[in-house]
Amino acid sequence: MARKRIRDIRNEELIEATIVAVHKRGYSVVTMAEIAQEAGASAASINYYFGSKEGLMEATMRHLLRKLRQAMIDGYGAAKTPKERLYAVMDANFSDALFTVPQCSLWMQFWANAPYSPRLSRLHRINRHRVRSHVRAELTNLLPPDRVETARSALQCYMDGVWLEAAQSECKVQPDAARRAAHQVVNLTLS
């Protein structure tokens with residue numbers, strides 16, 4: 001295993017601090033100084049590594065998207081049928097590594113700010129297209145063509161709704177319960 005560079009370790013620390021600080025204060029009002037304080041760093045170090053608050057938000061979202069991608073790869077690796085692959089897509093969105101209140105909160109704030117930033121908007125479009133594509137591909141093998149798009153939309157709206165609810169929660173979320181509920185929604189959608 002390759003050793004991590006100091007820069008990579010520092011980037012991860014700043015990204016984790018961003019998740020916490022944005023969750024506590026909100027993206028629109030949190031300052032670089034508050035994020036730096038959360039990380040035990042200086043605002044200058046954020047500028048050095050990321051260039052701007054928007055650059056830091058973009059790096060943070062890329063970090064979360066990598067977690068989602070890894071969860072998808074892991075799920076697909078174990079899935080054998082189209083229904084299991086559809087479960088894997090849903091499970092990835094509620095993985096232990098991704099489905100936490102602070103990360104859901106950050107994700108919701110990312111969605112709210114994406115239309116106003118070309119860099120964030122691009123990430124949003126890529127992620128949205130990727131999720132649509134994965135869900136649609138599996139539904140195509142499970143439903144008649146005239147039901148695929150409605151089912152895809154329903155499943156994506158369900159995931160978005162659960163994330164929004166988690167972002168607004170004051171309690172710890174339960175990823176395993178979210179995955180079980182998502183499986184039930186898939187089963188209802190396919191019936």
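Helices H4 (residues 53-78) and H5 (residues 82-93) pack at an angle of about 155 degrees, and their axes lie 8 Å apart. Axes here are lines fitted to C-alpha atoms, for helices over the stretch in contact, and angles run from 0 to 180 degrees between N-to-C directions. Helices (H or I, at least four residues) are DSSP runs numbered from the N terminus. H4 and H5 are therefore roughly antiparallel. The angle classes are under 35 degrees for roughly parallel, over 145 for roughly antiparallel, 65 to 115 for roughly perpendicular, and oblique for the rest. H4 passes H5 in a right-handed crossing. A crossing is right-handed if the near helix is turned clockwise from the far one by less than a right angle, and left-handed if anticlockwise.

This is a predicted model: local features need pLDDT of at least 70, side-chain atom pairs count only at pLDDT 80 or more, and totals for chains, interfaces and linings use all residues. Residues are numbered from 1 along each chain as its sequence is written, and side-chain values use heavy atoms, with hydrogens and water left out.

On the H4 side, Leu68, Ala71, Met72, Gly75, Tyr76 and Ala78 meet Glu84, Arg85, Ala88, Val89, Ala92 and Asn93 of H5. Contact means heavy atoms within 4.5 Å. The residues of this contact divide into eight nonpolar, two polar and two charged. Ala, Val, Leu, Ile, Met, Phe, Trp, Tyr, Cys and Pro count as nonpolar, Asp, Glu, Lys and Arg as charged, and the others, Gly among them, as polar.

Ser95 sits in it, between H5 and helix H6 (101-113). Ser95 is buried, with a relative accessible area of 11%. Buried means under 20% relative accessible area, exposed over 50%, and partly exposed in between (1.4 Å probe, protein chains only). Leaving aside neighbours within four places in sequence, Ser95 contacts Ala71, Pro175 and Arg179. Ser95 and Asp176 are 81 residues apart in sequence, yet 7.9 Å apart in space, C-alpha to C-alpha.

Now the core. The largest nonpolar core has 59 residues, and Phe99 and Leu139 have the most contacts inside it. H4 gives the most to this core, with nine residues. Such a core is a set of buried Ala, Val, Leu, Ile, Met, Phe, Trp, Tyr and Cys residues joined through side-chain atoms within 4.5 Å. Phe99 touches Asn93, Phe94, Cys104, Val162, Trp163, Ala166, Val173, Pro175 and Ala178, not counting residues up to four places away in sequence.

The axes of H6 and helix H7 (residues 118-140) come within 9 Å and cross at roughly 115 degrees. That makes H6 roughly perpendicular to H7. Their crossing is left-handed. Trp107, Phe110, Trp111 and Asn113 in H6 meet Leu120, Leu123, His124, Asn127 and Arg128 in H7. By class, this contact has five nonpolar, three polar and one charged residues.

Gln156 is found in helix H8 (residues 145-167). It is buried, at 2% relative accessible area. Beyond its neighbours within four places in sequence, Gln156 is in contact with Arg128, Val131 and Arg132.

Last, the pair H2 and H3. The axes of helix H2 (residues 32-39) and helix H3 (residues 43-50) come within 8 Å and cross at roughly 100 degrees. H2 and H3 are therefore roughly perpendicular to each other. Met32, Ala33, Ile35 and Ala36 in H2 meet Ala43, Ile46 and Asn47 in H3. This contact has six nonpolar, one polar and no charged residues.

Notes
Helices (H or I, at least four residues) and strands (E, at least two) are DSSP runs, numbered from the N terminus.
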